[in-house]
Amino acid sequence: MNPGDAVSKSKFSPLDADLEKRVSDWLENYVNAPHPDLGRDGPICPFIEPALRADSLFTVSRDWEGAYTLEAMVTAIEEAQDHFRSIDWPSRNTTLHGLVVVFGNLPRAGWWLIDEGHRAAKDAAVARGLMLGQFHPECEAPAARNPLFPVNRSPYPMIAIRNMAFHDILFLHDNPDWFEQYRKRYDRYYSAAARIDPRFTALFEEAVAASRSGQAAHQETAEHHG
């Protein structure tokens with residue numbers, strides 16, 4: 001889980017032994033395990049086990065320096081995305097590529113930056129075909145199938161980055177811009193809806209209908225003002 005030579009010389013570094021142990025324990029014993037409040041069977045993140053087997057889940061440290069500003073966090077997340085793109089991955093399977101950036105020295109007073117930075121950086125990340133995850137000890141982000149379960153709790157503040165995947169309709173269906181990025185990549189698969197999780201199909205169809213409705217409303221407004 002250490003990217004070795006792929007770590008940027010200036011911004012990112014390998015985890016120290018204590019961080020490495022605690023983050024590895026969290027990934028393997030929490031994220032890669034089932035939970036009674038998750039709302040479905042299987043581990044919290046089904047991606048973890050195959051990514052670990054493929055040696056394609058990397059963990060790096062990013063020290064926080066300077067003031068606790070949203071602008072600085074967004075910049076850090078953008079730099080992490082660039083770093084993600086620069087890694088020479090052991091596996092050719094892009095769905096298994098994952099990078100966890102640990103802000104180990106970010107104090108509790110700065111944990112809000114993880115949530116707000118995630119929110120502020122997500123549009124640009126999705127446009128690049130990337131997905132972001134935010135994690136910290138008091139994170140309130142809910143599970144996709146149980147809004148009462150704050151699934152993204154972790155021992156340290158972190159941002160996770162991976163490539164967009166088919167199941168991300170769960171997270172991208174309710175924002176028109178995000179959905180269009182998803183649709184560009186996966187629209188063709190929904191012609192075989194019988195082989196797709198019915199929930200995915202329903203969310204996709206709802207998002208398509210919402211997109212058409214929005215386009216119609218925009219056209220009507222344009223004609224009215226024309």
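Reader: At roughly what angle do the axes of helix 4 and helix 6 cross?
Author: This is a predicted model, in which local features need pLDDT of at least 70, side-chain atom pairs count only at pLDDT 80 or more, and totals for chains, interfaces and linings use all residues. Residues are numbered from 1 along each chain as its sequence is written, and side-chain values use heavy atoms, leaving out hydrogens and water. Helices (DSSP runs of H or I, at least four residues) and strands (runs of E, at least two) are numbered from the N terminus. The axes of helix 4 (residues 112-127) and helix 6 (residues 176-186) come within 9 Å, and they cross at roughly 20°.

Reader: How are helix 4 and helix 6 oriented to each other?
Author: Axes are lines fitted to C-alpha atoms, for helices over the stretch in contact, and angles run from 0 to 180 degrees between N-to-C directions. Angles under 35 degrees count as roughly parallel, over 145 as roughly antiparallel, 65 to 115 as roughly perpendicular and the rest as oblique. The angle here is roughly 20°. Helix 4 and helix 6 are therefore roughly parallel.

Reader: Which residues of helix 6 meet helix 4?
Author: Contact means heavy atoms within 4.5 Å. On the helix 4 side are K122, D123, V126 and A127. Their partners in helix 6 are W178, Q181 and R185.

Reader: How many charged residues does the contact of helix 4 with helix 6 have?
Author: Asp, Glu, Lys and Arg count as charged; Ala, Val, Leu, Ile, Met, Phe, Trp, Tyr, Cys and Pro as nonpolar; and the others, Gly among them, as polar. The contact of helix 4 with helix 6 has 3 nonpolar residues and 1 polar residue, and the number that are charged is 3.

Reader: Is the pair of helix 3 and helix 4 parallel or oblique?
Author: Helix 3 (residues 70-86) packs on helix 4 with the axes 9 Å apart, at an angle of about 55°. Because of that angle, helix 3 and helix 4 are oblique.

Reader: Which residues of helix 3 meet helix 4?
Author: In helix 4, the residues taking part include W112, L113, I114 and E116. By class, the contact of helix 3 with helix 4 divides into 10 nonpolar, 3 polar and 1 charged. The residues from helix 3 are L70, M73, V74, I77 and Q81.

Reader: Is S211 buried or exposed?
Author: Buried means under 20% relative accessible area, exposed over 50%, and partly exposed in between (1.4 Å probe, protein chains only). S211 is found in helix 7 (residues 198-225). Its relative accessible area is 14%, so S211 is buried.

Reader: Which residues does S211 touch?
Author: P176 is 35 residues from S211 in sequence, and their C-alpha atoms are 6.5 Å apart. Not counting residues up to four places away in sequence, S211 touches E180 and R183.

Reader: What is the phi of D55?
Author: D55 is found in the loop between helix 2 (48-53) and strand 1 (57-61). Its relative accessible area is 41%, so D55 is partly exposed. D55 is not a glycine, although its phi is positive, at about 55°.

Reader: How many strands does the chain have?
Author: From the N terminus on, the elements run α-α-β-α-β-α-β-β-β-β-α-α-α. The secondary structure comes to 7 helices, and the number of strands is 6.
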